[in-house]
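Please take a moment with the sequence and the three-dimensional structure shown here, and keep both in view while you read.

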Amino acid sequence: MPSKAKTGKKLVIVESPAKSKTIAKYLGEGFIVEASIGHIRDLPQPSELPAELKKTSVGKFAVDIDHDFKPYYVVSPDKKKKVTELKAALKDADELYLATDGDREGEAIAWHLLEVLKPKVPVYRMTFGEITKEAIQRAMGNLRDVDQDLVDAQETRRVLDRLYGYEISPVLWRKVARGLSAGRVQSVVTRMVVDRERERMAFKAASYWDLTGQFGADSGSFKAKLAAVDGAKVATGRDFNDNGELTSRNVAHLNEELATSLAAGLQSADFRVRSVDTKPYTRRPAAPFTTSTLQQEAGRKLRFSSKSTMQVAQRLYENGYITYMRTDSSALSDEAITAARRQASELYGPEYVPQSPRVYSNKAANAQEAHEAIRPAGDSFRTPAQVAKQLSGDEFRLYELIWKRTVASQMGDAKGSTATIRLGAVSSDGRDAEFSASGTVITFPGFLAAYEEGKDETRGDDDSDEARRLPNVAKDDSLTAADIQAVGHETSPPPRYTEASLTAELEKKGIGRPSTYASTISTIQDRGYVRKQGSALVPSWIAFSVIRLLEQHFSDYVDYEFTADMEGDLDKIANGQEAGASWLRHFYFGEDSDPGLLSIVNNLGEIDAREINSIPITDEITLRVGKFGPYLESSAAVVDPKTGEIVESARANVPEDLAPDELTAAKAIELMETAAPEERVLGADPHTGHTVVAKNGRYGAYVTEIIPEMTDEELANQPVEYYKNGKPKPPKKPIKAKPRTGSLFKSMTVESVTLDEALQLMSLPRALGEDAEGNLITVQNGRFGPYLKKGTDSRSIGSEEEIFTITLEQALEIYSQPKQRGARAAVPPLAEFGPDPVSEKNIVVKEGRFGPYITDGITNITVPRATSLEELTREQAVELLAEKRAKGPVKRTTTRKAPAKKKATAKK
């Protein structure tokens, strides 16, 4: 068979269309660049497996657990067209270049492409850390094969996550709630947030006092704080533990009385300087950004969520503005060091650049294969001013942050001096009081001229003396004193995690990968385990139940060290030091005295779901996590103050916005005392005899009827059905009648609604009559208020009370008017983000029936629950619309058959 004629074409495959456009500019003629748009295949759901595999060792996980945990991959349905296109492009190519990202995920994508496309031409693996002409040229000179060790590490992680989730999640469904999920890193991160909230709940504040005063010398005045009394250091917040106990010895713990009397005794005291101590001050710049530190700093300085940071960074990388944004390394290439030093010298002066380049090493516990730090792309950097017109607002802000950090990392130390003045006097009651004041003066700003790193909230005293200049005084100088005051303080609980501080702690503990932190933090919010309160991460009560179950029955799998060790094991696989299959075998099946996941799941024993979902608040009040959310339950019988009835096991709903640490014993008692009754009997319906009750439900108060169960006699008198052979069929379970219900009007309450009003509410919808064409018009109450309905035509009406007063004539008058479709559209949008890059139509955020949604007038997508409108950026809006577009329209089933078309083919 003759060989294929040479075409001179070379096919290059990358992950994203944006990356393909940028790289195409630098490759020249003969190169065709296509995008796989991420992974082309993955593990299917077990339910999607072929029937012959469902009862085999592959059936449970789509992984063959009896044969080295070999995954059963399928091409994703939405990627079949893309695979066809890539195969067609490969037919005309003489060479194939797999140019996906250089990390484990990118290596796996390259391997899957190789497996699916089965090329018969030479194949080269091509990687680069930035998309610039120089980087692409260097990459073409360093081609290699696909790294099977990296592929093995990624595949092991994928299978590991499938085993973990599919074995543990069903336990959560049975014992906590349906729809919950467990994840190897997700569950551990949730535990960290829950543990911090537990610390806050157990925290007991301690009170302590000190003094402040304003002191003057000939050269100026300054503020100082009491440091010691009679030679003993004055207690501060750091001297107490979280139980409110003083832990430091030989300290003076002042209460209000002691502090106030000391302040009074010092009003006319003779203050003198006791010592002046001056020390040199030096501060070094922070290292260039890694994935983790970029997320932290963007959160602190730009208020970006981790997810937003990575989305913006992805675009900057794909369009050639920064280097690869998933990296554990803080090292810079020689070219980058030269570029940063040159730019610092040009912009700030040669004196701001040290003689020797700065070299940074990794400090992360889980640093993996080496990439360069995140920096501006190129062998010479573009300043923020040079790229301002080419970038969107968020892109510019993040680029500027990266540029500043990179340039500052190669600049000189900030230098200055720190002075500490100790001054004191003897009070009128004989106590010796010593005050202290410190201040730092920067004499050479060094890297601070370009950039200063942000800080997370910490506990303890927050008296920054930096950049405070103190007057020039000497020992024994006399000082004037004014405004000496006693100041009271309380110790504070550990601050809640923010996305930035949680990311820092995850990296410190070596849990997960920095490249996955953003998606993990986003997932625990989407799952309802954590919500944002301002920038703080607050766990839900259901998260408490989930973590309690995992701690009691899967302790290793939410253990911090165990999880970090797993990351180390994956690193060994990536480095070729261990085989993925043998590691998975040990993890799942266990070995010797070390039980595997399968053994633990099979020997769980009895799990008390009620105990797992209960948290004692007081001796008598317990918080329970129920099917419809958290509620309080009292074990003590209470007397209803309104009816005088004794209520056993009284309950009260817990407000959704109440953080767990705010549910104190006092708050629980208050909620129990002010709780509306869960159910109130209104009487019997005179027509049916059914009892009518008013209830407080999860979605508000409503009325309903109680339909009694059929008696044994009634069941026995049910008609008997027979088989064809004459034998009687087993009695069918009677179909339970659906009770009539009706939501209470806003003006009604469970305590005030009457039986007559309840019967009216349950009678809805109310038929008004027919129009001239015979169409029935009804009036009813809906989620968005009262409305008329005629077929599919709905019209809003004024108030709820009109439901029972509006007439047919009034309804016909409303229908005679044109439908005010623009009534809602006339409401100004909640946000505007300019034209969409694909549709070129204006992107806006509107309030919809099911919450705010993003639209360009063609494609709509609901704003994710974890993203507040204040945090939503243009980039996120564009990304969400693009994802929705890629998924295509929602398939709807219909009972009406469409007429057959000649060219249509049935989908299998």
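This is a predicted model: local features need pLDDT of at least 70, side-chain atom pairs count only at pLDDT 80 or more; totals for chains, interfaces and linings use all residues.

We begin with an open sheet of four strands, which are arranged in the order β2-β1-β7-β8 and pair in parallel. At its edges lie β2 (31-35) and β8 (123-125), each of which pairs on one side only, and from one strand to the next the twist averages 20°. Across β1 and β2 lies helix α1 (residues 17-27), which runs at about 170° to β2.

Turn next to helix α4 (residues 104-117) and helix α6 (residues 148-175), whose axes come within 8 Å and cross at roughly 100°. Angles of 65 to 115 degrees count as roughly perpendicular, and α4 and α6 are therefore described in that way. Among the residues that make the contact are Ala-108 and Trp-111 of α4, together with Leu-150 and Val-151 of α6; taken as a whole, the residues of this contact divide into five nonpolar, two polar and five charged.

Finally, consider helix α21 (residues 665-674), in which Ala-668, Leu-671 and Met-672 are buried. Seen down the axis of α21, the buried residues fall within an arc of 100°, so they line one face of the helix. These buried residues pack against β22 (621-626), β23 (629-634) and β26 (651-653), whereas Ala-666, Glu-673 and Thr-674, on the other side of α21, are exposed.

Key: Residues are numbered from 1 along each chain as its sequence is written. Side-chain values use heavy atoms; hydrogens and water are left out. Buried means under 20% relative accessible area, exposed over 50%, partly exposed in between (1.4 Å probe, protein chains only). Helices (H or I, at least four residues) and strands (E, at least two) are DSSP runs, numbered from the N terminus. The arc is that of the directions from the helix axis to the C-beta atoms. Contact means heavy atoms within 4.5 Å. Axes are lines fitted to C-alpha atoms, for helices over the stretch in contact, and angles run from 0 to 180 degrees between N-to-C directions. Angles under 35 degrees count as roughly parallel, over 145 as roughly antiparallel, 65 to 115 as roughly perpendicular and the rest as oblique. Ala, Val, Leu, Ile, Met, Phe, Trp, Tyr, Cys and Pro count as nonpolar, Asp, Glu, Lys and Arg as charged, and the others, Gly among them, as polar. Two strands pair if DSSP finds at least two bridges between them.
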